[in-house]
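These are my notes from a first reading of the model.

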Amino acid sequence: MELLLVLLLLLFLALPVLPAPVRLELARVDANLTGHDLIRRAVQRSLDRPGVVVARPSGGGGSGAATAADGGRRSAAAAEAPVVAGGGEYLVKLGIGTPQHFFSAAIDTATDLVWMQCQPCVSCYRQLDPVFNPRLSSSYAVVPCRSDTCGQLDEHRCRSEDDDACQYTYRYSGNGVTRGTLAIDKLAVGSDVFHGVIFGCSNSSAGGPPAQASGLVGLGRGPLSLVSQLSVRRFMYCLPPPMSRVPGKLVLGAAVDAVQNVSDRVTITMSSSTRYPSYYYLNLDGLAVGDQTPRTVRTAAPPPTARRGAATGGGSANAYGMIVDIASTISFLEASLYDELADDLEEELRLPRATPSRRLGLDLCFILPEGVGMDRVYVPTVSLSFDGRWLELERDQLFVEDGRTMCLMVGKTSGVSILGNFQQQNMQVLYNLRRGKITFAKASCESMP
């Protein structure tokens, strides 16, 4: 046991600060698909995402500390959380262990834990990459069950007195769950290798990411996320349109002035939600559709290009907040906001409402004129106000064409609103973790530094 603790200490001391920006390509999960099949699968994964999971009341990574004295039983606190940490739309290539085992993992800004499936895989979802065998890695070590690190997981236990490894259970909505051993190993990110990275070595998973991913890379605000472990002060990404063959980009350690030359940008201060501490959480206080002058809520100022529209919002931050979620394709609005958005869009578009698209799984659809494509009809901008800072979404960030109809890529939720990746396309999104701000800059991925 003492030898293990010494090994863990040495691994932690060897953990370097990110030496320079690390640039990674982001591949879409269904890059081999086109058109409606790609959208349909992405929407379905998004619809599976909102749900109820174990609460994250204090620590992140699935959160809440359990005491060592009780053997690491599940924390008593549990509540609704707005997303299921199990999907994923964008993949990164990483390497783990000595020698390196290369694998693809889905990135997720709405979860913390970095985890992958490991041998022996007792009950795992099907993955395309070979399953990692920790016994073949000379730098692999387990995290002790009674350590503070193990206590950062909401549900964990000790295997036995003879085997003090930290065993975790990470629960998702419905039957979604992954179980395994919390461990430490070398992680290759781009051309850099980082020692002492904590990750979950899962040997039982259900309801997890798609088969193209061997696991998840949490980029959330909690202590077990990759950005927290690597002491990343800023990171950014850019997502091309879904049908594009151009890969997305992710930069860990982005420059503070990375988007200063982009004129069309908005910087928003993140909020700290005690209910959802690991999420990138924004105070949503207004919503405007079209050219109308919005009815402002609280102290929100009108969007710069707004002339006519409706605004809605208010209430507490938990009631009208919005979580930035790269792993969900469509966005979700709290029910009352969604209903107002639907009414305002119907008034502005002046197109007949269509029945929901069963093929795409989208509810709000409109009938296009005979022989006229979506690109030839008037579509109003939708503007979201975050503490008075307005983010404008245009036609290609709002609708997809489905035959003779066009459907809104936004769903309804009974919980906190979610900003999905479809609405973030063709934007360079910069997270300044040191200053607690997110910048949305409208610029192509090709121009991203």
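Predicted model: local features only at pLDDT ≥ 70, side-chain atom pairs only at ≥ 80, totals over all residues.

Entry 1: Residues are numbered from 1 along each chain as its sequence is written, and side-chain values use heavy atoms, with hydrogens and water left out.

I then looked for aromatic pairs, and the structure holds six of them; rings of Phe, Tyr and Trp (its six-membered ring) pair if their centres lie within 6.5 Å, and planes under 30 degrees apart count as stacked, over 60 as edge-to-face and the rest as tilted. The rings of Phe235 and Tyr431 have their centres 4.4 Å apart and their planes at 10°, so I recorded this pair as stacked. Phe235 lies in strand E11 (residues 234–238) and Tyr431 in strand E25 (residues 428–432), so the pair ties together parts that are 196 residues apart in sequence; helices (H or I, at least four residues) and strands (E, at least two) are DSSP runs, numbered from the N terminus. Phe235 counts as buried at 0% relative accessibility, and Tyr431 counts as buried at 0% as well. Tyr237 and Tyr431 form a tilted aromatic pair, with 5.6 Å from centre to centre and 45° between the planes. Tyr237 is in strand E11 and Tyr431 in strand E25, so this pair ties together parts that are 194 residues apart in sequence. Phe235, Tyr237, Tyr280 and Tyr431 form one aromatic cluster.

**Entry 2: the nonpolar cores.** Which residues touch the most other members of the largest nonpolar core? I found that, of its 75 residues, these are Phe235, Tyr237, Leu252, Leu345, Phe399, Met406 and Phe440; such a core is a set of buried Ala, Val, Leu, Ile, Met, Phe, Trp, Tyr and Cys residues joined through side-chain atoms within 4.5 Å. Helix H6 (residues 335–349) gives the most to this core, with six residues. Domain 1 (77–254) and domain 2 (260–302 + 311–442) both give residues to this core, so it lies between them; the domain bounds come from an automatic or database domain assignment.

I followed Leu345 and saw that, not counting residues up to four places away in sequence, it touches Val289, Leu364, Phe366, Pro380, Val382, Phe399 and Leu408; contact means heavy atoms within 4.5 Å. A second, separate core of 20 residues includes Ala106, Tyr125, Tyr168 and Ile198.

Entry 3: I traced an open sheet of four strands in the order E17-E18-E22-E21, with antiparallel pairing; two strands pair if DSSP finds at least two bridges between them. Its edge strands, each pairing on one side only, are strand E17 (353–354) and strand E21 (399–402). E21 pairs with strand E22 (residues 405–408) in the antiparallel sense over four bridges, and the bridge partner of Val400 in E22 is Cys407.

Strand E1 (residues 22–28) has a covered face of Val22, Leu24, Leu26 and Arg28, and an uncovered one of Arg23, Glu25 and Ala27. I found E1 paired in the antiparallel sense with strand E12 (residues 248–252) over five bridges, where Glu25 stands opposite Lys249. E1 also pairs in the antiparallel sense with strand E2 (residues 90–96) over two bridges, and here Arg28 stands opposite Tyr90.

**Entry 4: confidence.** Where should I be careful? The protein chain averages a pLDDT of 81, and 77% of the residues score at least 70; pLDDT is the predictor's confidence in each residue, from 0 to 100. Over residues 52–82 pLDDT stays under 50, and for this stretch the model has 102 contacts beyond four places in sequence. Over residues 295–301 pLDDT also stays under 50, with 22 contacts in the model beyond four places in sequence.

Terms used:
Buried < 20%, exposed > 50% of the residue type's maximum accessible area, 1.4 Å probe, protein only.
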